[in-house]
Amino acid sequence: ETLLEALEPTDSPRTIAFDFSSFGAFHNGTFESGVKLVAAALRSWPDEVRIGVIMTLEAWDFHGMPRLTGLTRLEPGQSNGQAAAVVRIGQPYQVDVLTRLFSTAPVVGIFMLDTISSDCGYLALDMDEDIWRFALENMSVLFTNSAFTLDRIRQRYSIAPHVMQSVSRHSLDPADYAEHEPGAAAGNHILVIGNHYAHKFVKETADALADALPGRRIIAIGYPQDVERSKDIEAFQAGHIDDQTFRAFYRDAELVVFPSHYEGFGFPVLHALAHHRPVFVRDTGLNRELAGQIATSANIHRYETTRELVTRLSAGIPAWSNQRRPGEADGWRRSALEVYATLNEAMRRVDAKQVATALRRLDGLAATLPPPSLRTTGQRTGVRLGRMIDRLLRVPGMSKLARGLARVYRGTRG
């Protein structure tokens, strides 16, 4: 009842909260999308809506949130019943995150930005897919930032019939990412951008370019710091570069290479285009989807293999093309309005049964998951297997059978 009362508060404006509790004091695409979306919501949503963010004070200050007038910070762990709707930017990975979301508001929306953790084996080892299954069966709104990502989720998971599904792409207007400096001539380095994860393919790409283009300066963001590398490669840790240096890396580049094999969106493409720098990306369904809606997409060059990339760049660096196609302006405002319209409809539809069912199921999920203290895949698997065996032993006759099998096993060893 407390949660439902937030839909029609009697003595204060209706609140919609953004869950930024996972945001840290560093930069990445998830954090960038959240901050820009909130800023757009503040200037486009109705005045009678109060906007809050669930965020630590450290992250609040680091990401410059105090400069956004009209925004309220909610301390993580103290947001129970504080909002009519809550939107999380990024996939949930812990049951504590789900508990915070479903205890904050009757309407829960989650931006599932990609399925990389599920699809990349080395990442899947450390995730519990029951968290995602619960979210997709009990949330009010599934938001994705591309049709590509929504299709991946639909292929892999069951989505409950009551869950609204909304594709709201991040802004596809390069001007929303940086201000172009017309006097800035193309620089003298190739920017290879990603992070330390294997699917970003930064090291392999930078190494191949350094071998094929000796003497060419390469700035590689996400390249390992503790390995031997070509003298032409300058390695930087992703997420810990100040804004001014980050912009300069793009502005002063001759070319940008974003070699990731798998993305849900891909901000480096927009950053490169904002600075009028050609960008090379993998030829994927996602990159084709986004390029079809970006005005300066003539400067997005797709390739299939690293060998193809090296061959094409060895033949020459492409110049910036002024060719344009229809594209959007102020895309963050468009996205903010899409999110508000969808949440508004979800708030109209939600009922007490849906809320109570989600909370009851959440209690059941928490009881079956391994405790957070178990960090390794083997430990978590062992707990699950043990609970499965306990359930089997409660079946009539199974305990007697198990004892008999144990005797047989001991006999074979003796």
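Predicted model: local features only at pLDDT ≥ 70, side-chain atom pairs only at ≥ 80, totals over all residues.
**Entry 1, cavities.** I searched the whole structure for cavities of 30 Å³ or more and got two. I took the largest cavity to begin with; about 60 Å³ of space lies in it. Its lining is made up of Leu-3, Phe-102, Ala-105, Pro-106, Asn-138, Ser-140, Gln-354, Val-355, Ala-358 and Leu-359. By class I noted seven nonpolar and three polar residues here, and no charged ones.

Val-269, Val-281, Asn-287, Leu-290, Ala-291, Ile-294 and Ile-300 form the lining. H12 gives the most to it, with three residues. I sorted the lining residues into six nonpolar, one polar and no charged.

Glu-289 forms a salt bridge with Arg-169, and the closest N and O atoms are 2.8 Å apart. Where in the chain do Glu-289 and Arg-169 sit? Glu-289 is in helix H12 (residues 285-291), while Arg-169 is in the loop between strand E7 (164-167) and strand E8 (189-193). The two residues are 120 residues apart, and I logged the pair as a link between distant parts of the chain. For the structure I recorded 23 salt bridges.

I then turned to the second largest pocket, which holds about 190 Å³ of space. I listed 13 lining residues; the closest to the pocket centre are Asp-173, Pro-174, Ala-175, Thr-296 and Arg-324. The lining of this pocket has six nonpolar, four polar and three charged residues. I set this beside the lining of the largest cavity, where no charged residues were found.

Last, I checked how helix H9 (residues 202-212) lies against helix H13 (residues 306-314). Their axes come within 10 Å and cross at roughly 35°. I noted the crossing of H9 past H13 as right-handed. Which residues meet between H9 and H13? From H9 I listed Thr-205, Ala-208, Leu-209 and Ala-212; from H13 I listed Thr-306, Leu-309, Val-310, Leu-313 and Ser-314. By class, this contact has six nonpolar and three polar residues, with no charged ones.

Notes: Residues numbered from 1 in each chain as written. Heavy atoms only, no water. Axes fitted to C-alpha atoms, helices over the stretch in contact; angles between N-to-C directions. Helix = DSSP H or I, 4+ residues; strand = E, 2+ residues; numbered from the N terminus. Left-handed = near helix turned anticlockwise from the far one by under 90°. Contact = heavy atoms within 4.5 Å. Nonpolar A, V, L, I, M, F, W, Y, C, P; charged D, E, K, R; others polar. 1 Å grid on protein atoms, 1.4 Å probe; cavity = no way out; pocket = protein on both sides within 12 Å on 5 of 7 lines; lining within 4 Å. Points joined across faces, edges and corners; volume = space filled by probe spheres on them. Salt bridge = Lys/Arg side-chain N within 4 Å of Asp/Glu carboxyl O.
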